[in-house]
Structures are given as C-alpha cells and as structure tokens.
Amino acid sequence: MHSTSKFKPAWWLTNAHFQTLAAKLFRHKETLFTYTETLELPDGDFIDLAWTEQPQKNNTRPIVVVLHGLEGSKNSHYAKGMLKAIKNRGWVAVLMHFRGCSGKPNRQASSYHSSDIRDISYLTENLVDRYRQCTFSVLGFSLGGNVLTQYLAQVPSNPYRSAAIICAPLDLASCSTRINQGFSRLYQKYLLKMLKNSTLKKIDANIINNINPRQVDSIKTIYDFDEEITAPLNGFTSAQHYYQLASGNQVIEKIKQPCLFIHAADDPFLNHHFSLPKQKLPEHLT
C-alpha cells in the first residue's frame with residue numbers, strides 16, 4: 001500500500017539540497033564505538049562487519065543488519081545515527097561493509113554493485129547459524145537498499161522478520177540521469193571521486209589488470225563509471241544492461257515479509273517518476 005508522510009521540515013531548512021548537506025554537516029562529529037569483525041567469504045574475498053557490541057552466543061536480543069549506501073561505511077553520518085538508534089533500543093546492530101568500503105581494498109577485481117546479493121546472503125546464513133535463538137531484521141540505505149530489495153525478492157525464505165529500505169535508487173537508469181542534472185552534480189562529483197580512488201588503489205595493487213589509470217581519470221559521470229568500470233568488472237555488457245538487471249523496482253512484489261520503503265519526494269538523487277512502483281502493492285509492503 002502507498003502512504004503519504006506527514007513530515008514537515010523545519011521552516012529554516014525547506015530546500016532539499018540544504019537538508020542533504022546539513023545532515024552531513026551537523027552530524028559530522030557524532031561518534032560511536034564499534035567492534036570490527038572480518039568475515040572471510042567462500043570466494044576468497046572478505047567483508048568487514050561493524051558491531052555495536054560483541055553479542056554472546058546465548059544472546060536473545062533482536063539483531064538488526066544495516067547496509068550502507070554507495071561508498072559509505074560505519075563512519076557515514078546516517079549509518080552512525082541508525083546504529084546508535086538501534087543500540088539505544090537495547091537491540092544489537094551489525095553494519096555490513098560492502099567489499100572495499102571498510103578502508104581496505106577487496107582482494108578481487110569484481111566490486112560490489114546494486115544487485116550483488118552474495119555477501120548479504122552469506123552474512124545472513126552465518127548470523128542464523130551463530131544466533132539461532134535470535135530474531136532478525138534488516139535495513140538498507142540508498143544502494144544498500146536496492147541490494148536489499150533484490151535479496152529479499154530473490155531469497156523469499158530468508159529469516160528476516162521485517163525490513164526497511166530507505167531512499168533506494170530502485171530505477172538505476174533514471175537515477176544516474178538525475179544525479180547528472182543541476183546542483184545534484186555536486187553529489188555526483190563527490191561520489192565519483194571516491195569510486196575512482198577505490199578503483200585506482202586496486203589498479204596500483206595489481207588487483208585490476210584490464211583497466212588503466214588514464215581510463216579511470218577520464219570518467220566524468222556515474223553513468224560513465226558504470227559503463228567503463230562497474231559493468232565489465234561484474235559480468236554486465238554495458239551500464240544499461242547493468243541497470244536493467246539490477247533495478248529493484250522490478251521485483252518488489254516478490255518480497256514476502258513486512259517491508260517499509262521510505263522516499264523523500266524531493267530527493268536530489270532519485271527520479272520518482274520512474275523509481276516508484278505504479279502497481280498496487282500487497283498489504284505487507286508500504
């Protein structure tokens with residue numbers, strides 16, 4: 001079902017871009033101590049987890065898994081805020097860093113992307129094996145929200161009691177166009193710099209051999225990055241092919257557990273004309 005929020009911004013912060021920038025500015029000094037765990041993956045790579053605490057084997061409190069956005073980490077202001085909120089409820093939170101996002105390059109040329117559910121699948125199985133007596137919930141921000149949408153749809157027998165997907169680019173093609181328009185190009189420049197730096201580190205470490213630094217330096221847009229880097233490194237023929245297969249809005253109706261999708265109508269990253277599902281949604285999806 002569709003629901004309209006009653007949210008009203010502060011009178012002095014009504015502009016979408018000001019809200020986006022203010023959130024990062026006002027919360028940049030927020031601190032949160034986390035416990036790091038490195039999880040070795042079946043394909044020889046690894047991911048780093050950030051726990052709000054180290055749960056005992058007999059822990060019975062709910063565990064909430066958090067997925068960050070594009071080039072995010074446990075240090076992202078929105079991630080720290082959510083981890084704190086979960087901890088303050090007396091629950092246990094664990095943030096899964098996507099490959100290469102914890103400050104160390106991943107070991108393989110392939111990277112994380114919007115429909116790569118391998119790691120959330122393996123992490124989920126690992127958590128259930130360790131904490132069979134616990135209940136689990138999961139939430140994802142931005143790119144992590146699209147990954148979560150794909151996971152929930154492709155693995156309907158998953159153990160999560162509920163899920164939340166926040167500001168996810170559910171239609172990747174329109175979102176790559178939106179972020180290349182107007183003031184939103186500022187966010188594109190910021191994200192692109194981090195994406196390119198991560199790629200260059202892997203080239204310098206001889207992890208990526210079929211892409212040269214000059215090719216990376218010439219990239220100017222997210223679309224071009226996906227065309228030149230994301231697609232060929234992850235088995236897609238082009239950016240359009242990647243967007244077509246990875247966009248979460250095509251599989252929403254396959255999600256079986258209660259799931260809340262939250263979007264801002266004026267989100268400077270998203271094009272809601274294409275992103276939001278037009279069909280009538282089942283009652284357990286909001």
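1. In this note, buried means a relative accessible area under 20%, exposed means over 50%, and partly exposed covers the values in between, with a 1.4 Å probe and protein chains only. By that rule E71, with a relative accessible area of 15%, is buried. The model is a predicted one, in which local features need pLDDT of at least 70 and side-chain atom pairs count only at pLDDT 80 or more, while totals for chains, interfaces and linings use all residues. Residues are numbered from 1 along each chain as its sequence is written, and side-chain values use heavy atoms, with hydrogens and water left out.

2. The sheet may be taken next, with helices (H or I, at least four residues) and strands (E, at least two) being DSSP runs numbered from the N terminus. An open sheet is formed by 7 strands in the order 1-2-4-3-5-6-7, with mixed pairing, where two strands pair if DSSP finds at least two bridges between them. Strand 1 (35-40) and strand 7 (259-262) stand at the edges with a single partner strand each, so one side of each has no neighbour in the sheet. From one strand to the next the twist averages 20°; axes here are lines fitted to C-alpha atoms, for helices over the stretch in contact, and angles run from 0 to 180 degrees between N-to-C directions.

3. Within the sheet, strand 2 (residues 46-51) and strand 4 (residues 92-96) run antiparallel and are joined by 3 bridges. W51 stands opposite V94 in strand 4.

4. Helix 4 lies across strand 3 (63-67), strand 5 (136-141), strand 6 (160-166) and strand 7, and runs at about 135° to strand 5. Helix 4 (142-154) is also one of the elements against which the buried residues of helix 9 pack, together with helix 5 (172-178) and helix 8 (222-233), contact being defined as heavy atoms within 4.5 Å.

5. Which residues of helix 9 (residues 239-246) are buried? They are A239, Y242, Y243 and A246. These residues cover an arc of only 95° around the axis, which puts them on the same side of helix 9; the arc is that of the directions from the helix axis to the C-beta atoms. In general, an α-helix has 3.6 residues a turn, so residues three or four places apart point the same way.

6. In helix 1 (residues 16-26), A16, H17 and A22 are buried, and the buried residues of this helix pack against helix 6 (185-204). The N-terminal end of helix 1 is capped by N15, a side-chain oxygen lying 3.1 Å from the backbone nitrogen of F18. N15 and R89 are 74 residues apart in sequence and 31 Å apart in space, C-alpha to C-alpha. R89 itself lies in the loop between helix 2 (77-88) and strand 4, and is exposed, with a relative accessible area of 57%.

7. T199 lies in helix 6 and counts as buried at 6% relative accessibility. Apart from neighbours within four places in sequence, T199 is in contact with I208, V216, F225 and I229.

8. D116 lies in the loop between strand 4 and helix 3 (118-130), and at 8% relative accessibility D116 counts as buried. The side chain of D116 makes a polar contact with the side chain of R118 (2.8 Å); such a contact is a pair of N or O atoms within 3.5 Å, where within protein one must be able to donate a hydrogen and the other to accept it, and residues adjacent in sequence count only if both atoms are side-chain atoms. Not counting residues up to four places away in sequence, D116 touches S111 and V147.

9. Two backbone points deserve a look. E71 has a positive phi of about 60° although it is not a glycine, and its place is in the loop between strand 3 and helix 2. Phi of N206 is near 60°, again a positive value in a residue other than glycine; N206 is placed in the loop between helix 6 and helix 7 (213-217) and counts as exposed at 58% relative accessibility.

10. How many disulfides does a search of the whole structure find? The search finds 0 disulfides, a disulfide being a pair of cysteine sulfur atoms within 2.5 Å. The sulfur of C101 is 18 Å from the closest cysteine sulfur, in C167, which is too far for a bond. C259 is likewise in no disulfide, the nearest cysteine sulfur being that of C167, 13 Å away. C101 counts as buried at 9% relative accessibility, and C259 is buried with a relative accessible area of 3%.
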